[in-house]
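Hi everyone, thanks for coming along. Let me put today's structure up on the screen so that we can walk through it together.

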Amino acid sequence: MNSRRSSDNLILDTALRDFYDAADYMHLDERLVAILSNSERRIDVSVPVEMEDGSAVVFKGYRVQHSTALGPSKGGIRYAMDVSGDECEGLAMLMTWKCSLGGIPYGGGKGGITCDPTKLSLKEKERMTRTYGSRISPIVGRWSDIPAPDMYTGGQEMVWIMDTICKMRGHFEPAILTGKPTDYWGAMGRTEATGRGVATCALEIMKRKNLDPSKMKIAVDGFGNVGSYTALLLKEAGAKIVAISDTSGAYYNPNGLNIEKAFEYINTNPKQKGRKLQGFEKEGCEKVSEADLLSCDCDFLAPCAVQGVINKDSAAKVKAKYIVEGANSPTTPEGEKILDDAGVIVVPDFLANAGGVIGSYFEWAQNLQGFPWTEEEYNTRLVNLMKNNFGRVWDFAEAKKVNMRRSAYVNAIKRVADVVDMRGIYL
Ligand code: NAD
């Protein structure tokens with residue numbers, strides 16, 4: 001009997017296909033394949049909200065725990081119109097592999113509410129978030145499932161959920177979720193964590209390939225949270241950042257851009273959502289298109305904006321020898337095939353951008369201890385974990401002559417499968 005699943009949800013279907021593909025390569029026991037292609041738990045909740053006009057709207061919410069083999073499930077809560085139970089299942093599975101590969105003691109989870117958050121007033125959003133929090137509370141906990149922010153949620157939503165659940169339980173429990181504001185049980189270092197991880201991967205490649213950072217030219221697509229700190233930290237390591245971009249366009253200088261100045265721009269243009277570099281060409285660089293950035297003369301390319309930018313049309317024009325994926329899924333399978341054939345090394349997203357979830361793990365660890373770490377401790381531990389994770393994937397790829405994505409999948413799945421096997425099929 002073929003027990004393999006498929007889905008008409010693109011995210012779940014892609015996650016399943018990538019998993020089956022790696023499982024076949026590893027000759028994973030079919031019983032483990034069947035177990036790991038299903039979520040351990042999935043709940044659907046209704047979220048009634050009293051709107052400003054007195055009407056009641058019932059939103060649909062979800063929370064999925066794909067795996068708790070390695071530890072409590074971990075994953076964000078997103079608010080968007082396309083959120084569904086199947087999408088959460090696909091994203092939760094990806095979190096399982098990311099946490100496993102990240103070397104942290106977590107399984108994968110995900111949740112969300114199907115809604116358009118831009119159309120809700122602050123009070124409507126608060127009521128919706130608190131009701132959702134109360135309805136998922138039976139499965140949330142510091143040793144069971146630890147939510148975090150995702151698309152259109154942040155520190156405020158986390159505080160509402162935490163406050164609601166703590167009141168229901170009658171005691172204070174900051175470790176039930178992460179992504180809290182820094183001065184309210186959050187962690188110093190989290191803002192830069194994902195970019196720091198991406199930059200660490202690039203520097204590890206340089207070390208292994210004997211490349212001098214001060215001779216490296218780097219292009220960073222997307223100058224948001226991930227891209228800006230990737231650029232800043234690589235510049236601090238001596239590299240030349242030749243191109244950056246946001247939705248206002250791309251900015252190029254073959255002799256290197258003034259990244260500190262670019263930070264001034266994004267901090268003084270906060271209201272220009274996504275277009276904060278608008279006008280940056282005045283700072284001694286040329287304004288070019290995103291396609292020009294992707295094909296510019298550079299050694300490293302860090303796509304840190306949106307998915308799918310390196311695809312069957314753009315991949316052949318990429319001149320970089322190394323790509324470090326800061327964004328989720330910036331390279332399509334067709335694009336990756338072209339890069340593989342051209343000998344370009346791609347550090348896959350769930351290895352390169354794991355700094356975020358590793359940072360969340362540090363926040364949880366500090367909350368459990370009731371004792372904050374210094375920023376320096378946080379950064380040092382993050383870089384050490386990223387180096388270890390990178391090394392494991394790099395060494396396996398070299399030994400088995402496979403690309404980094406294949407190596408990452410095999411390493412991630414193996415750790416979870418081994419634990420499921422060791423603990424017994426029914427966890
Ligand atoms: P962000 O919103 O802070 O920044 C996104 C940047 O990309 C902005 O500068 C925006 O202008 C730019 N952008 C959007 N569309 C673009 C386009 N077509 N061309 C060029 N630039 C474009 O988001 P972020 O938090 O930096 O996340 C970026 C990516 O990294 C997303 O895929 C996200 O899922 C992923 N990611 C983020 C984290 C994290 O901790 N923030 C962790 C893991 C993965």
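This is a predicted model: local features need pLDDT of at least 70, side-chain atom pairs count only at pLDDT 80 or more; totals for chains, interfaces and linings use all residues.

Residues are numbered from 1 along each chain as its sequence is written, and side-chain values use heavy atoms, with hydrogens and water left out.

Let's take the sheet with 5 strands to begin with. It is an open sheet with mixed pairing, and the order is β1-β2-β4-β3-β5. A quick word on terms: strands (E, at least two residues) and helices (H or I, at least four) are DSSP runs, numbered from the N terminus, and two strands pair if DSSP finds at least two bridges between them. At the edges sit β1 (41-50) and β5 (145-149), each pairing on one side only. Neighbouring strands here are turned by 20° against each other on average, direction ignored; axes are lines fitted to C-alpha atoms, for helices over the stretch in contact, and angles run from 0 to 180 degrees between N-to-C directions.

Look at β1 and its partner β2 (residues 56-67): they are antiparallel and share 10 bridges.

Is Gln-65 buried or exposed? It counts as buried because its relative accessibility is 3%, and buried means under 20% relative accessible area, with exposed over 50% and partly exposed in between (1.4 Å probe, protein chains only). The side chain of Gln-65 comes to 3.1 Å from the backbone oxygen of Ile-139. That is a polar contact, meaning a pair of N or O atoms within 3.5 Å; within protein, one must be able to donate a hydrogen and the other to accept it, and residues adjacent in sequence count only if both atoms are side-chain atoms.

Now for the sheet with 7 strands. This open sheet is also mixed in its pairing, and its order is β9-β8-β7-β6-β10-β11-β12. Its edge strands, β9 (286-288) and β12 (345-347), each pair on one side only.

Let's stop at β10. Strand β6 (residues 217-221) runs parallel to β10, with 4 bridges joining them. β10 (residues 300-303) is also parallel to β11 (residues 322-324), through 2 bridges. Follow Leu-301: Ala-219 stands opposite it, and its bridge partner in β11 is Ile-323. Both faces of β10 are covered, with Phe-300 and Ala-302 buried on one side and Leu-301 and Pro-303 buried on the other.

Finally, the ligand. How many residues surround it? There are 20, and the closest are Thr-194, Asn-225, Val-226, Gly-274 and Glu-290; to be near, a residue needs a heavy atom within 4 Å. A polar side-chain atom of Thr-194 lies 2.7 Å from a ligand oxygen, and a polar backbone atom of Asn-225 is 2.9 Å from an oxygen atom of the ligand. On the nitrogen side, an N or O atom in the side chain of Glu-290 is 2.9 Å from a ligand nitrogen. α6 (190-208), α7 (225-236) and β7 (240-246) each supply at least two residues of the shell.
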